[in-house]
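User: Could you walk me through one part of this model, with the cut-offs spelled out as we go?
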Amino acid sequence: MKKYILMAGVVLLAACSKDQPLVDETAVEQTSSKQLEIVIDGEVNTLNFIEANGELTLVEDEAYAKVNTVLNSQNLITVINSEVDKMLFFSGEQELQQFDENPQQLAVLSEKFGVLKEAVPSATPKSSTLKFRIARAHSLGGPAYTVNASSGRYFNRHLLRNQCITGGIDFDNEISSFRVYQGGTVEFHEDPDYLGKRIRVQAVTQDVYVADLADLKKKSFTIYDGSFDPYYICNRWALCLTSFNDKITSITAARNGLSLDYRRINLCSGGGGGGDGSDDPTNHY
């Protein structure tokens with residue numbers, strides 16, 4: 001009798017094993033965490049992502065709310081500094097001024113991220129002359145113009161109306177690349193009269209060369225292991241930095257240490273008025 005019970009148990013066990021599907025190891029969900037660091041008002045904010053089978057999910061926490069608010073603000077100021085290999089974002093003028101007045105913050109960020117990879121050793125000796133170059137095409141190609149301002153300042157409130165200080169070239173909404181030489185700070189504005197969103201470029205110990213303004217988004221939103229396309233991250237969660245490519249209308253610039261006060265005097269005669277000023281217009285060539 002025991003023999004028959006034992007055999008029945010073996011048959012039942014075999015039947016159950018036959019009905020149980022094998023585990024497909026490739027179907028097991030693989031999850032991992034990824035992080036993206038964004039510098040807001042001089043402080044590092046960490047965005048957290050969960051990756052599951054090739055898809056990212058953003059953790060919409062306090063850090064995300066702060067980053068999202070600042071990056072989509074009309075008061076956004078974007079900064080490229082030769083000492084930090086990271087885009088810096090500021091929620092307003094006051095926050096940027098506080099950062100400028102605290103060099104220790106810049107030193108901490110430089111130590112963490114390293115110097116800007118787009119920074120290049122300066123080919124010119126240090127001087128009091130402000131120098132930068134703008135171009136209508138990528139890689140400083142196409143029509144281009146170099147500013148050499150011995151006064152250390154340059155102002156152009158409307159690139160369309162003030163071509164007398166851009167070599168007669170219309171750069172309004174046409175700038176695609178630039179180089180700011182060591183010792184200079186240049187602010188590029190979206191709108192006339194130095195209004196709208198702006199990007200500040202600070203060349204402290206090296207020149208800053210941006211070969212393609214359209215690539216700034218890519219630099220800002222790369223997850224360090226390179227596993228996800230930065231445009232995917234930027235677009236999916238509305239973290240897009242304003243593209244300044246072909247969107248610059250006014251410029252103000254000065255040697256580091258000099259004020260970036262905006263000048264609103266007429267310089268170019270004709271051209272619809274609304275000209276701009278410079279402390280030394282004869283040296284813009």
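Predicted model: local features only at pLDDT ≥ 70, side-chain atom pairs only at ≥ 80, totals over all residues.

User: Is β12 mostly covered or uncovered?
Analyst: Strand β12, residues 195–202, is mostly covered, with six of its eight residues buried (under 20% relative accessible area with a 1.4 Å probe, protein chains only); strands here are DSSP E runs of at least two residues, and helices H or I runs of at least four, numbered from the N terminus.

User: And which way do β4 and β12 pair?
Analyst: β4 (residues 77–81) pairs with β12 in the parallel sense over five bridges, where pairing requires at least two DSSP bridges between the strands, and Val79 has Arg200 as its bridge partner in β12.

User: What about β11?
Analyst: β11 (residues 184–191) runs antiparallel to β12 and is joined to it by six bridges, with Phe188 opposite Ile199; the two strands form a hairpin with three residues between them, and Asp193 in the turn has a positive phi of about 60°.

User: Switching topic, which residues lie nearest the centre of the largest pocket?
Analyst: Of its 23 lining residues, Asp100, Thr185, Arg200, Gln202 and Leu260 lie nearest the centre. The largest share of the lining, five residues, comes from α3.

Definitions and conventions:
Residues numbered from 1 in each chain as written. Heavy atoms only, no water. Buried < 20%, exposed > 50% of the residue type's maximum accessible area, 1.4 Å probe, protein only. 1 Å grid on protein atoms, 1.4 Å probe; cavity = no way out; pocket = protein on both sides within 12 Å on 5 of 7 lines; lining within 4 Å.
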